[in-house]
Amino acid sequence: MKKIFQNSLAALAGLVLASCNGNYDDWTKPQSYNQEDPAAAYGVTLSPGSVTMPVSDDEVTLLSFAATSEDVTGYGIRSLKINDQNIDYTINGNNVIVSANDLEDLTVSIYESRAKVARNLDIAVEYGAILKNGDAVAGKGAVTSTLTPRDIPAADPKGYFLLGNFEENGNGWDLTAPVWMTDNGDGTYSAIVNTTGDGDNWYKFYEGSHYSADSWDEVNAGQMGCKENGCADNFGLIIWPGDKYNVETPVISGKGQFKVTFDANNMTYKVVRQAVNYYIVGGPNDWAGSAASKELKFSQANIEVPLYTIVFPAAAEGDTWFAIGDDRACDAITNDGDWKQLFGTTSGNGNQGTSGTLARRSALADDGSFKIDAGAKFIKVVLDMDKMTYEVSPLSFGEYIYEAGTNNDWGAIEQPLYCADGQGNYIGYFYSTGADWADGKGAFKFQGAFNSWDEGNYGYASGDETSGSLVDSGDSGNILVEPGFYRAEINLAAMTYALTPISTIGIIGPAQPGGWDTDTDMTYNEETRAWEATIDLAADEIKFRANDGWDINWGGDTENLTEGGDNIKITEAGTYFIQLFPRCQNKSYCKITKK
């Protein structure tokens, strides 16, 4: 339907003329109107319509105008919204006319339901009441119309099944291997499926009462699908035989495991990628024991992206041998002694190289186990389960990684963390600055090299503000914290983070007024990136400590402070300006300047 105005030229001319006498001065500022708009003086009112589907004629009345004054001869609409959404309309006399089918489509979209339930539609309209003299007066109103969608099929007493490009369906549309959906007891039915193709995986829903192992005509009599062929939406409305639209075929994009849910109450469907768990079986642990414990679990940065990462210790002695397992494979080992469900390399047992393709052992000529030569301390494995590929490499941890976030233009200013043990444990300090786009919180990740994401992009996988797991991926999330100063402990072997908020740093010791009992608090300066204080000191000793305790303290050489270091000597009494730069081992220092 085309949007038109009755007597449109006259109405528009009237609206312009009316603006000269003040009636339309604030057309562009509808928020300034109140209930006593100019049209109210002419007794203009709006009445809602009510529609129950189906109807004999597609054109139905959405709302109607009426006026007590005989000066009103017609109406023009400037803006009309239904639950803040647009719809095409015409004006016929005093009535606003819309397509019943368009209104039904809009209603079920708003409510995400095709159930035959009366639905309220909130209509907001700005209009002009056209007067006999050719002028128009502005009006604004709101009414609530209703629409009741058409009947939907009754729930099938025999349930529902899926056919499509699923492993469970024989890798195709095999009538002898339907994927029966589980009755959840609330009118919804669900199934876990594994798609077979990297691109579009086509599928449909079917009524259980029409199941046949050898007759497509019978099965198709109960088919259900979507409105547009090839729809890849993760949520949609179900179309059925005899509906006002033809039944078309939806798709699931990409290879992976998905939960498909059919809602018979609302005639909708939903597709959600499942967070599949993958584990290292073998490695530094007993093979059967590691399958049972599922201890060495991969991390996934984004459930919509099937990339999985793990860093784990190599075997203490000799070569490290391992395979990849999911829950299905680990449970098969533990419960049935079946080792054929593990994933291995297609390149052959112990010949994985640095990258290659995966397959279950049941499809391999040998076990396809991975082997890393003796001498490695840690091993990193990255899986792409859409492409069924892997990357594997031994790790040697560098001395430093770098915080990158809202506080340093995402790595442009050096903010290092130091690894003292060579085992992937890094410690460093930084102030996290809040950002509007992060709801006022500080946001950051960690880089493997200064101001570069190429050597490591370590970000949030799971957890909370103070602790959680990391994943090395461009899809990794930001760690979000309240703005403030933090001590960060990053374990790249376990891929974890732990943050300690530091609310105060103080100067302690007999050279300052509080002795060893009470600190003189310092203030953090975001511009200098230092904790600062101006203080009178005696010729004696001081140290720095955090949070009024001794768990975190600094001392020693002022040009290279260390945690737990020696007391710092003040050789001459006087007033001093002190700046403390706690960064990480080998890079923390202070400046003590006599004024």
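Is Asp548 buried, partly exposed or exposed, and what is its relative accessibility? At 47% relative accessibility, Asp548 counts as partly exposed, where buried means under 20% relative accessible area, exposed over 50%, and partly exposed in between (1.4 Å probe, protein chains only). The model shown in these views is predicted, so that local features need pLDDT of at least 70 and side-chain atom pairs count only at pLDDT 80 or more, while totals for chains, interfaces and linings use all residues. Residues are numbered from 1 along each chain as its sequence is written, and side-chain values use heavy atoms, with hydrogens and water left out.

View 1. Asp548 has a phi near 55°, a positive value in a residue other than glycine, and its place is the loop between strand 41 (541–546) and strand 42 (553–557). Helices (H or I, at least four residues) and strands (E, at least two) are DSSP runs, numbered from the N terminus. Met388, likewise not a glycine, has a positive phi of about 55° and sits in the loop between strand 26 (378–384) and strand 27 (389–395). With a relative accessible area of 18%, Met388 is buried.

View 2. The bond from Met53 to Pro54 is cis, with omega near -5°, and Pro54 is found in the loop between strand 2 (50–52) and strand 3 (59–66). As background to this view and the previous one, most residues other than glycine have a negative phi, and most peptide bonds are trans.

**View 3. A nonpolar surface patch of tryptophans.** Trp173, Trp202 and Trp216 form a nonpolar patch on the surface, with about 270 Å² of accessible area together. Patches are made of residues with over 30% relative accessible area and no salt bridge, like charges being joined within 9 Å and nonpolar side chains (Val, Leu, Ile, Met, Phe, Trp, Tyr) within 5 Å; accessible areas come from the Shrake-Rupley method with a 1.4 Å probe, and for residues only the protein chains shown count as cover. Trp216 is found in helix 3 (residues 216–220) and is partly exposed, with a relative accessible area of 34%.

**View 4. The salt bridge between Lys227 and Asp105.** A salt bridge is a side-chain nitrogen of Lys or Arg within 4 Å of a carboxyl oxygen of Asp or Glu, and by this rule the count comes to 18 salt bridges. In one of them, the side chains of Lys227 and Asp105 meet at 3.9 Å, N to O. This pair links distant parts of the chain, with Lys227 in the loop between strand 14 (223–224) and strand 15 (235–237) and Asp105 in helix 2 (residues 100–111), 122 residues apart. Lys227 is partly exposed at a relative accessible area of 43%, and Asp105 is partly exposed at 21%.

**View 5. The salt bridge between Glu414 and Arg583.** Glu414 forms a salt bridge with Arg583, the closest N and O atoms being 3.4 Å apart. Because Glu414 lies in the loop between strand 28 (400–405) and strand 29 (416–419) and Arg583 in the loop between strand 45 (574–581) and strand 46 (589–594), the pair ties together parts that are 169 residues apart in sequence. Glu414 is partly exposed, with a relative accessible area of 25%.
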